[in-house]
Amino acid sequence: MTQKTRWSQFSVLITVFFFWGFVAASNDILIPVFKKAFDLSQAQSQWVSMAFYVAYTVGSLIYFGVSKATGKDLLNRIGYRNGICVGLLISALGTLLFYPAANSGSFALMLSGLFIVGLGFALQQIAANPLAIVMGNPATGAQRLTMAGGVNNFGTTIGPLLVSVAIFGSVATGNTEASIESVKMPYLVLGVAFVLVALFIRFSSVPNHIDLEGVARDEAEDTSKLVHKGSAFAYPQLVLGMIAIFLYVGVEVSTISNLPAYLHEGLGIETQHLAPYVSLYWASLMIGRWTGAAGAFEIGTGAKKMLMLILPFLAFGVYLAVNAIAQHDVSQFYGYAGVIVLMIAATLLSRGNPARMLLYFALCGIVALLIGMFTTGKTSIVAFISVGLFCSTMWPCIFALAIAGLGRHTNQGSSLLIMMIMGGGWVSLTQGALADQVGVHMSFWVGVACFAYLAFYALRATGILRRQGIDLDKLAAEGGH
């Protein structure tokens, strides 16, 4: 019997996805403020991002270590719902550090606060990602995670705007004339929100325990082929998936980290006019994820296709509205709707198969970067920004492929995947180093290499899972009506 998605529980769970996006994108607002207030170099200011991303790796290693030391998976011991609540409270403690840090003018204390917020997010992600996948039919698990990612990117779209208003008192682009004192209040409010959401989730119907072995049986077409190994590392789909997550987060973050430099140095766009371009990149992730999320609804095939046509343009409308409120000229981006149509076509052609979607989007990403590097002007801008569209559904696709069939090792596998978020820092540094040698315009070859591996993983994972009795096409077909 096909399990229906538990929407009441899922709608509560995705509130944490919103906060991850809200804070991650808001860090970009802190960088210029800290750079000016603490008289930092550009490299030193990037410690804001490094502190946040490294926290995911450290948090995952702590999780892995505690589980090993106690002989029982940490989430199986304390429960999934409780794990998310503990993670939210840890993040709330991190926001409290902004108050003494602002009063004492301590950059190190500010970074410590961000690091602790990231530690809490790591535990939340380890629990919430597999929960999103198992809250219903395994065939639509990747689409549910895509929907959660769309909520995450709603946070990335409005987070910088709201934090800018809170810090600067206006949405004037490029205004970094803010004292360090102005940072503490919005993050204290955020801390209170974390505590309230923790209480909300604690008394919600979000499950505290799930039957991971049962999930593995539901995924498998032939249960006799299921593998039962002693460690998550023994599953090749996970080990190769860890590299895939590292490179996916890497290309997503490094593209947007280096795009402003290309726009400014290569095309002469002034710094104060860069915001709508950066915003469209983040909004592209939301557009793509809202498109992929249509597959999570238990409705007819025709209705799903209609949603796939409506939701991306609704998300595009959110971007246009947010930037219009911020008094940016968005008329220059109306033509981006054509690229969105191309992304919708790739989504429809994937037919709900996460491996096929990963393959098509990786190939589109390669083409987009090549067009960006070998053209100039508006064509190159649109090409580079569209990388956000083609990165949009990669996280749920990779995550679903990597933990498929892991059974009781699912939580361990999830923590190892979250650990690889550090790719966002390392790949960005690699592209930056290449940019110093060949110029920022040609540095995007790093992204091409990342996408090439992701295409390989899509093909390889399909074969690995088939040998384990998991037919991705059949699962995808069962998700439809």
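Modeller: In this predicted model, Leu-89, Val-192, Val-195, Leu-196, Leu-199 and Phe-203 make up a nonpolar patch on the surface, and together they have about 600 Å² of accessible area. Helix α10, which covers residues 184-202, contributes the largest share of this patch, namely 4 residues. Leu-199 belongs to helix α10. Its relative accessible area is 47%, so Leu-199 is partly exposed, the range for that class lying between 20% and 50%. Phe-203, another member of the patch, has a charged neighbour: Arg-202 lies over the face of the Phe-203 ring, at 5.8 Å from the ring centre.

From this ring one may turn to the aromatic pairs. The structure holds 19 of them. One is formed by Phe-38 and Phe-107, whose ring centres are 5.2 Å apart; because their planes stand at 45°, the pair is tilted. Phe-38 lies in the loop between α2 (15-37) and α3 (42-45), whereas Phe-107 lies in helix α8 (residues 107-134), so the pair ties together parts that are 69 residues apart in sequence. Both partners fall under the 20% limit for burial: Phe-38 is buried with a relative accessible area of 18%, and Phe-107 counts as buried at 15%. Elsewhere, ring pairs link Phe-52, Tyr-53, Tyr-56, Phe-121 and Phe-194 into a cluster.

Notes:
Residues numbered from 1 in each chain as written. Predicted model: local features only at pLDDT ≥ 70, side-chain atom pairs only at ≥ 80, totals over all residues. Heavy atoms only, no water. Patch = residues over 30% accessible without salt bridge, like charges linked within 9 Å, V, L, I, M, F, W, Y side chains within 5 Å. Areas by Shrake-Rupley, 256 points an atom, 1.4 Å probe, with all protein chains shown as cover. Salt bridge = Lys/Arg side-chain N within 4 Å of Asp/Glu carboxyl O. Helix = DSSP H or I, 4+ residues; strand = E, 2+ residues; numbered from the N terminus. Buried < 20%, exposed > 50% of the residue type's maximum accessible area, 1.4 Å probe, protein only. Phe/Tyr/Trp six-rings, centres within 6.5 Å; stacked < 30°, edge-to-face > 60°. Lys NZ or Arg CZ within 6 Å of the ring centre and 35° of its normal.
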